[in-house]
Amino acid sequence: MTFDPETTTFLIAGPVRIHPRVLRAMSMPSLNHRGDYFHGIVTEIRELLPVLFGTKGHQVIITGSGTAGLEAMYSSLVPKDGRTLVLTNGNFGDRTNSIVRRYATNVTTLSAPWGQAVPSVAVKAELAKGDVKAVCLVHNETSVGLANDLALIAPAVKASGALFLVDGISAVAGIPLPIEEWGVDAVVAGSQKGLAAPAGLALVHLSDRAVAALHPGTFYLDLAAHLKSLEKNDTPWTPAVPLFLALREALLLLKEEGLDHRLEKTHRLAEASRAAVRALGLELFPDPRYASDTVTAVKNPPGMGDPEFRKVLERQYNILLQGGQAALAGKIFRIGHMGIADWPDLLVTFAAIERILSRAGKLPAPGQALREVVDRMP
Ligand code: PLP
């Protein structure tokens, strides 16, 4: 079997597989983005966005990948005076740090080793020093398969009065985020992750407090300009029209499925993946207490690099998993199980991994990984 993008088992950490209904939705002739028909589509998207975020609020659609949403959020909200606190424990946290430092003047960065949680006591201690006006962090650190425990961090941020700005790109619609309860002021979601739409749109949720704090950041990504246009179901600049059509359909699918159901299924797929990984005799990369429900990151089988492992999955079995980023390249593999990923995806993947490990004489308990998946199926 050779790699075939049309039929592959596609489990990278986003973009994720796209439902045929969403793909078909993009096959429309050009639309006038200033006309009534398109305004109707934007209206529907605005009505549906609370399904994605689990709450109503000020919600913006930005043409651009997730990073555009992050740049919009940080450039418009990190304070010009006062301190900004950035937490990082992976590649995307480090990127947050770089973006924030472009726009904020006084930044304190709290780092933990990649794959380890930033201790909440350290966060509290930093907040106690005072003058922190914004706290920025990645909810789900996709690079290392770790979900930061916002339930522990959020109350401290709330008590401090700082704005709470969250990169939810690989978390939204995959990991519960009670925005209001936790006092989150801004969250960025990426279209290509839990929502299972194509890559290229960022969705930003803002609290009332965040809207009041907006200041002009970059020109293209000015959140105030986006909000103003959206009041008329319009966009400030030419939007990626086909992606908006796909977004509407992906939101409709999510509404039909129900956000709670998608979160629950993602959690069960993650638990099955973790159990299967243990049965294979392999080790998770992150601290297992913080293992992500959307992305399972695993240390490569001992003695096997990408050519012996992930590339065999791709070439021999038409299965796409993701490798490690930066220093983790060739050292870990990542299974994305968010969006519309489902049980058959895991069955095929773990069957193929068992075969590869068995051929290499490294499979401790034949059939056990599959058993762990099957036993967790609904
Ligand atoms: N932040 C997180 C947590 C991500 O997972 C990603 C992409 O995987 C990004 C930021 C960057 O998003 P994009 O590549 O869509 O710009």
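The questions below concern the pocket, the ligand and the backbone.

Guide: This is a predicted model, in which local features need pLDDT of at least 70, side-chain atom pairs count only at pLDDT 80 or more, and totals for chains, interfaces and linings use all residues. Residues are numbered from 1 along each chain as its sequence is written, and side-chain values use heavy atoms, with hydrogens and water left out.

Visitor: Which residues lie nearest the centre of the largest pocket?

Guide: A pocket is an open set of points on a 1 Å grid over the protein atoms alone, where a 1.4 Å probe fits, with protein on both sides within 12 Å along at least five of seven lines; lining residues have an atom within 4 Å of a point. The lining of the largest pocket comprises 21 residues. Those nearest its centre are Phe92, Arg95, Thr142, Ile169 and Lys193.

Visitor: Which helices each supply at least two residues of this lining?

Guide: Helices here are DSSP runs of H or I with at least four residues, and strands are runs of E with at least two, numbered from the N terminus. The helices in question are H3 (66-77) and H4 (91-103).

Visitor: How much of the ligand does the protein bury?

Guide: Polar contacts are pairs of N or O atoms within 3.5 Å. A ligand oxygen lies 2.5 Å from a side-chain N or O atom of Thr67, and a ligand oxygen lies 2.6 Å from such an atom of Lys193. Of the 390 Å² that the ligand exposes when taken alone (Shrake-Rupley method, 1.4 Å probe), the protein buries 86%.

Visitor: What is the omega of the peptide bond from Gly14 to Pro15?

Guide: Most peptide bonds are trans. Pro15 belongs to the loop between strand E1 (9-10) and helix H1 (20-25). The bond from Gly14 to Pro15 is cis, its omega being near 5°.

Technical notes. A polar contact is a pair of N or O atoms within 3.5 Å; within protein, one must be able to donate a hydrogen and the other to accept it, and residues adjacent in sequence count only if both atoms are side-chain atoms.
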